[in-house]
Amino acid sequence: MTVFCLTELDGDTVADPSLRALTLARGLAAGAATGVAAVVFCPRDVVPAPDLAAYGVGDVFVVSGLDGYAPQAWARVLAELLGAAATAPDFSRHAVVAAGTERGNEVLAHLGAITGLPMAANCVAASRAGGGALGIVRQRWAGLLLEEAVLDAPAALLTVATDAVSAEPVPAPGPADVHEVTPPVSDADLVVRAVESSAGAAGASLATARVVVGGGRGVGSADGFAPLEELAGLLGGVVGVSRVVTSEGWRPHKQQVGQTGTKITPELYLACGISGAIQHIAGCAGAKHIIAINTDPGAPILAHADYAVIGDLHQVIPALIEALRGR
Ligand SMILES: Cc1cc2nc3c(=O)[nH]c(=O)nc-3n(C[C@H](O)[C@H](O)[C@H](O)COP(=O)(O)OP(=O)(O)OC[C@H]3O[C@@H](n4cnc5c(N)ncnc54)[C@H](O)[C@@H]3O)c2cc1C
């Protein structure tokens with residue numbers, strides 16, 4: 001039994017949500033002969049094999065030669081690996097795990113369509129149940145509800161809620177063997193392909209960034225985001241926004257944090273001019289530290305913040321930029 005883990009990168013390191021997915025995958029593979037195999041889409045010379053070994057990965061399948069992000073092509077590669085690991089047509093209870101990011105969910109949905117296997121999204125726990133089935137617990141309704149279910153399928157496809165499982169390295173890691181994979185893709189698999197990304201500093205995406213500078217209605221206008229962009233750049237992070245901001249057309253939906261946006265798990269979330277509605281908190285509760293900047297000392301976000309600055313963001317952010325530039 002092999003547990004494959006689609007592993008996303010953040011620059012040249014393993015993205016935090018993928019470390020969490022690897023941790024869940026390791027628990028699933030416990031006691032199995034073959035263990036966890038990471039599947040990484042990147043050039044061979046940048047594959048972070050030691051970092052993967054630190055999280056219990058025994059085999060790394062490196063897929064190079066696919067430019068950009070092509071969800072169906074990525075799923076095709078996973079389907080081939082899954083098929084090669086098992087005796088067709090029975091997948092022998094293997095599993096494919098991915099982080100519950102936009103990419104993880106999209107690729108595994110394609111994999112489900114290609115293989116006909118069921119997929120369970122946003123799992124927080126998974127363990128072997130009787131008869132080879134899996135007992136899973138997964139988030140529903142933006143994490144407001146936990147569902148217990150049994151997944152009985154020849155192979156399990158799971159994504160891991162980005163804010164639920166903590167990333168834990170193994171105490172005594174062994175080496176990881178690196179294998180190169182030639183992608184078995186056709187032109188049809190490449191019809192949808194993102195070759196350019198407008199990701200922020202260091203190529204980090206909102207879901208994987210270590211620092212997110214959030215802006216809400218309090219920012220006041222589309223132009224008002226320039227200082228937030230500058231601050232995010234100085235902190236090596238990216239900008240995230242509330243739904244009011246996307247509804248106003250100040251920023252695109254892909255930057256929205258929340259129930260109907262992206263779930264973030266940064267080390268630091270700096271929430272500026274954001275009230276902290278429950279639908280927004282659903283997306284940022286996984287942040288390790290929250291600092292709020294708000295003029296209202298009664299804003300709900302303060303109940304979730306480690307620190308707060310009660311003040312006008314149009315004064316506080318320039319002061320922060322000034323201080324950081326001075327360093
Ligand atoms: C089904 C559903 C799904 C939703 N999904 C999402 C989602 O995914 N993400 C999301 O964000 N929302 C979502 N919402 C909307 C959510 O309920 C809130 O309306 C929204 O989050 C509020 O955005 P906001 O905090 O920017 O604005 P507001 O609630 O208007 O808050 C603005 C805040 O800025 C502060 N402020 C104003 N001026 C300044 C200043 N100069 N300096 C500092 N602070 C200032 C104010 O004190 C206030 O706290 C959803 C709603 C529904 C019904």
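Welcome to a predicted model, in which local features need pLDDT of at least 70, side-chain atom pairs count only at pLDDT 80 or more, and totals for chains, interfaces and linings use all residues. Residues are numbered from 1 along each chain as its sequence is written, and side-chain values use heavy atoms, with hydrogens and water left out.

**The two domains**

- The chain is assigned domain 1 (3–197) and domain 2 (204–326), with bounds that come from an automatic or database domain assignment.
- Taken over C-alpha atoms, the centres of domain 1 and domain 2 are 30 Å apart.
- Domain 1 brings 14 residues to the contact and domain 2 brings 12 residues, where contact means heavy atoms within 4.5 Å.

**Where the domains meet**

- About 1,100 Å² is buried between domain 1 and domain 2, with 47% of it on carbon and sulfur atoms; buried area is the accessible area (1.4 Å probe) that two parts lose on being put together, summed over both.
- Asp 10, Ala 142 and Asp 163 supply 40% of the area that domain 1 buries against domain 2, more than any other three residues.
- The interface of domain 1 and domain 2 holds 1 salt bridge, a term for a side-chain nitrogen of Lys or Arg within 4 Å of a carboxyl oxygen of Asp or Glu.
- Asp 10 also forms a salt bridge with Arg 210, and their closest N and O atoms are 3.8 Å apart.
- On the side of domain 1 that touches domain 2, the elements giving two or more residues are strand S3 (13–14) and helix H1 (16–29); helices (H or I, at least four residues) and strands (E, at least two) are DSSP runs, numbered from the N terminus.
- H1 provides the largest share of that side of domain 1, 3 residues.

**Around the ligand**

- The ligand is surrounded by 27 residues, and the closest are Arg 217, Ser 242, Thr 260, Ser 275 and Asn 294; a residue counts as near if one of its heavy atoms lies within 4 Å.
- An oxygen atom of the ligand lies 2.9 Å from an N or O atom in the side chain of Gln 256.

**Salt bridges in the whole structure**

- Searching the whole structure gives 9 salt bridges.
- Asp 16 and Arg 20 both sit in helix H1, 4 residues apart, about one turn of the helix.

Methods
Polar contact = N/O pair within 3.5 Å; in protein donor to acceptor, adjacent residues only side chain to side chain.
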